[in-house]
Amino acid sequence: MKAFNHTNAKNLAEAKTALAKGEAELIAGGTDLIGRLKDNILPLHPTALINIKTIDGLDYIKEEAGVLKIGATTRLADIAANSVISQKYTALAQAAGRVATPHVRDMGTIGGNLAQLHRCWYFRKPENRFPCVRKNGTTCYAMTGDNRYHSIFGAVNRCIAVNISDTAPALIALNAKILTTSRTIDADSFFDVKNPGNTVLAAGEIIKEIQIPAPPAGARSAFLKFAIRKSIDFPIVNCAVLVGGGPARIALNAVAPKPYRATKAEAVIAGKPINDANAEAAAAAALEDAKPLTATRYKLQIARTLVKRALLRTRTL
Ligand SMILES: Cc1cc2nc3c(=O)[nH]c(=O)nc-3n(C[C@H](O)[C@H](O)[C@H](O)COP(=O)(O)OP(=O)(O)OC[C@H]3O[C@@H](n4cnc5c(N)ncnc54)[C@H](O)[C@@H]3O)c2cc1C
């Protein structure tokens, strides 16, 4: 692992100033970043890590004036265990509780979960052995290589790696907003495909808070994840839904380079009761625009099943 300076930031202003000084990167729980640095996967290496866990007042869960507010360094374990989130913002508690293992959830933060980089075994190959399009190279090695865990909705900027954040689809379904040091961004518009980032965050921009409006009366949300292993594993597909009390919102992840909002499925279920037939019709609509690769075709049925089951699950919560 290459050497770097480590700074404990006292406040966001200090973190921003430190970030502006050359090749610096934020570190929160470090569960994504440290592995990346150890494996040397990127051509550029930060010369400084700015620890934001030392910033007072960035780790909280509170409800104010009908809005749930979560500080960026709040740990996933705390979100999963919070009774208000479990009851009212259920999809988020379920999503946070399905990330990796208890250990990763005890370290990993909500900000880091949103800003983590994608999972692609070519991109993540140690020692930058595959200088792919996400590293300003010319080739997506997954396009012609082993792409069984990749996109079923085509490429974005010639990349078919998927975003695997478990909390992202829950936040999109729950209509969350991401507050940063310079603006407020709808969760739906927060994700992007950059080199190497996965979000619209500009250089030096820091996530401060996640805000979720209280779901309307009668609304229910649910999150489901399919992974190969029952314990620690990234999603093959995950899905979050919000139904009742207003327009339905349905989001999937691990199916495309950014989280996928299933608007066709939302339209199909709009104003209808959640029953087997309607949930199945919505699930079919969710995958209508899929363009799977030969090796990712199996994900279609998994995604359909998750959409259907997540919708039906809202009836039993
Ligand atoms: C073995 C293993 C299994 C995993 N399984 C899953 C899984 O099943 N589901 C899943 O969703 N994820 C999974 N992850 C990915 C990820 O590590 C965690 O989800 C975790 O939430 C990342 O948070 P962190 O605080 O550790 O991020 P860090 O590693 O500290 O940071 C990740 C990135 O986010 C940036 N960042 C952190 N905080 C902020 C902020 N406030 N503002 C702007 N940028 C920020 C950092 O600069 C860095 O680039 C797994 C990781 C490992 C190692």
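The residues of the shell around the ligand comprise 16 nonpolar, 10 polar and 6 charged; Ala, Val, Leu, Ile, Met, Phe, Trp, Tyr, Cys and Pro count as nonpolar, Asp, Glu, Lys and Arg as charged, and the others, Gly among them, as polar. This is a predicted model, in which local features need pLDDT of at least 70, side-chain atom pairs count only at pLDDT 80 or more, and totals for chains, interfaces and linings use all residues. Residues are numbered from 1 along each chain as its sequence is written, and side-chain values use heavy atoms, with hydrogens and water left out.

Select the ligand first. Around the ligand are 32 residues, the closest being Leu26, Gly30, Thr31, Thr109 and Asn113 (a residue is near if one of its heavy atoms lies within 4 Å).

Next, select threonine 31, where a polar side-chain atom lies 2.6 Å from an oxygen atom of the ligand. At aspartate 166, a polar side-chain atom is 2.7 Å from a nitrogen atom of the ligand.

Then colour helix 7 (110–115), which gives the largest share of the shell, 4 residues. Helices (H or I, at least four residues) and strands (E, at least two) are DSSP runs, numbered from the N terminus.

Finally, move to histidine 45, in the loop between helix 2 and strand 3 (48–51). Histidine 45 touches Lys2, Glu23 and Asn40, not counting residues up to four places away in sequence (contact means heavy atoms within 4.5 Å). Histidine 45 and lysine 2 are 43 residues apart in sequence, and their C-alpha atoms are 7.8 Å apart in space.

Note on methods:
Polar contact = N/O pair within 3.5 Å; in protein donor to acceptor, adjacent residues only side chain to side chain.
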